[in-house]
Amino acid sequence: MSTSSQSPSAEYVVIGAGLAGSSTAWRLAQRGYEVALLERKVPAAADASSHGSARIFRYAYPDQFYTDLVVRARTAWDELEEASGSQLIAPHGSVDYGPLRNPRHLAEILANSGVEHELLSAAEARNRFNGINFDTEVLWHPGAGVLDSERSVQAMVEQAKIHGAKVETQWPVASVEATANGYKLTSSDGRTYLASKIIVTAGGWLPELLGNLPLPSGFLRSIPTMDIYQENAYHFPYRDQDPEARLAWPTYIHKDPAFKSYGLPGGRDASFRGQKVAEYMAGHRMDTASQQNGQIDPANRERVIEYVKKYLPGLEPTPYAETTCIFSATPTEDFIMDEADGITILSPCSGHGAKFGPLLGELAADLATGARETPELFRLASHAKAMA
C-alpha cells in the first residue's frame, strides 16, 4: 500500500496483543504478509483477559464442534512450544462433574474425537483425588492441563517479530477511518497508522471501539451484545504442600444448580502453592473493560470460601491471594469471527477462548486473507439466528 511520510503503514494491522491478537499477527507474518500489531499497553497487559500464568486447557465440551477444535488447537500449541522452546501447557488433567455437567455425555464427545478419558463414580474419584468432595459421576481426561497465558502471548509476539511483524506498544486505538487505499488508525494521543486491512482483537474493549470503526450499519447491528464481567478469582493453599501432592491436583469444572465453579493449579502468579478457584460468570457486569476497578467483591469472596469448605476439603479455606480479571462472552458463548470491507472482528470470548490461542490466529488469518471461510458458527448470521 502507499505510505505517508508522517504515518507508518502495514498491509495488515492487528488491534490488541492478547492471545487472539498475538496469534493473528504471528500467523499472518508467518505467511509472508506485512503486519503491524498495535497494543494499547503491553502484550498480555495486567488489566486484560490474557494476563497471568493460569488458564485451563481442556478437551471436554458438550458440543462436538468445540472438542474437535481443541484437538486442532493442541497441534497448534505443539508447534508453538517447539518454535519457542518453552512448555506452555503443564499437564494436570481435568475432572468434570456436577448435576449440570453431564459427565457421561462429555465422555461420548471425547470418545468421538479420540481423546483419552475415563468415567469414574463419585467414590472412585474421591479415592483418586481425595482433596475434592465429588457429588456425581466424574469425567477424567488426562490430556488437560494449565496454560501459561502470559508466556504464550510473549511466545507468539516473538514469533511474529521473527517473521517480520512490527509490534507497537502503548498504542491505544481511538478511531479508524476509511481512506482511498484502506484505513487510517488514530491513537488517543493523535498518532496515526495506515493499513490496507484491519483485524480487531480488542477483547473487553471491543464494545467501545465498535462505534469508531467504519463498518456497514447492518454489520454493526448484527454484532451481538457482549457480556463483560470483572471476575473474581482466589488462590487457596493446599493442605498438603508436598510437591508430589500439589502436582496431583487436577483442573476442574463443577456445575451445580446453586453454584458453578472452576479451579486449577495456580501457576507462577501464586507461587504454585495453591488452587485457583472462582465462581463462573459471577463478577461485576460492565459495558466495557475500561469500567473495571480491580476491587474484589466481598460477597463473592464469602460464597467461594463456603464452596471451598463444602467441596474442596483438600484446601485451606482462607485465600492467600486474590485477583480480578476481565471475562467477556456472547449470549450463546460462541466466538465472533466475521469480516466486512476489509475489517475482521475476532472475539474469542475469554470465558473459554484461551485454550484455542495459536489456532485462533490461523482461523483469523484465513478469513482476513480470503484463504478459507471461517467456521459458520462464528459468523454473525449464526449469532443472529441463535438469538431469533
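Buried means under 20% relative accessible area, exposed means over 50%, and partly exposed is in between, with a 1.4 Å probe and protein chains only. I started with P8, which is partly exposed at a relative accessible area of 34%.

**Ground rules.** I am working from a predicted model, where local features need pLDDT of at least 70 and side-chain atom pairs count only at pLDDT 80 or more, while totals for chains, interfaces and linings use all residues. Residues are numbered from 1 along each chain as its sequence is written, and side-chain values use heavy atoms, leaving out hydrogens and water.

**Entry 1, P8.** I found P8 in the segment before strand β1. Helices (H or I, at least four residues) and strands (E, at least two) are DSSP runs here, numbered from the N terminus. I listed what P8 touches, skipping residues up to four places away in sequence, and got T192, Y193 and L194. Contact means heavy atoms within 4.5 Å. I also checked P8 against E137: they are 129 residues apart in sequence and 58 Å apart in space, C-alpha to C-alpha.

I counted 11 helices and 20 strands. The radius of gyration is 21 Å, close to the 21 Å that the globule rule gives for 388 residues, so the protein is as compact as a globular protein of that length. For the record, that radius is taken over C-alpha atoms, and the globule rule is 2.2 Å times the number of residues to the power 0.38. Along the principal axes, the C-alpha atoms fill a box of roughly 70 × 45 × 40 Å. I noted that 56% of the 388 residues count as buried. Among contacts with a separation of 6 or more, 73% come from residues 24 or more positions apart. The accessible surface is about 15500 Å², and carbon and sulfur atoms hold 47% of it. Those areas come from the Shrake-Rupley method with a 1.4 Å probe; for residues, only the protein chains shown count as cover.

I went to β1 (residues 9-15) next. Six of its seven residues are buried, so β1 is largely enclosed by the rest of the structure. Two strands pair if DSSP finds at least two bridges between them. β1 pairs with strand β12 (residues 192-200) in the parallel sense over six bridges, and S9 has L194 as its bridge partner in β12. β1 also runs parallel to β2, joined by four bridges, with V14 opposite L37 in β2. Between β1 and β2 the chain passes through helix α1 (residues 19-30), and this β-α-β crossover is right-handed. Right-handed means that, with the strands pointing away from the viewer, the path from the first strand over the helix to the second runs clockwise.

Which way do the side chains of β2 point? V35 and L37 point one way from β2 (residues 35-38), A36 and L38 point the other way, and all are buried. In a regular strand the side chains alternate between the two faces of the sheet. I then found three bridges from β2 to strand β9 (residues 166-168), again parallel, where A36 stands opposite K166.

I looked up S149, found in helix α5 (residues 149-162). S149 counts as buried at 0% relative accessibility, and outside its sequence neighbours up to four places away it touches L19, S50, H51, G52, S53 and R55. G357 is in helix α10 (residues 357-369) and is buried, with a relative accessible area of 0%.
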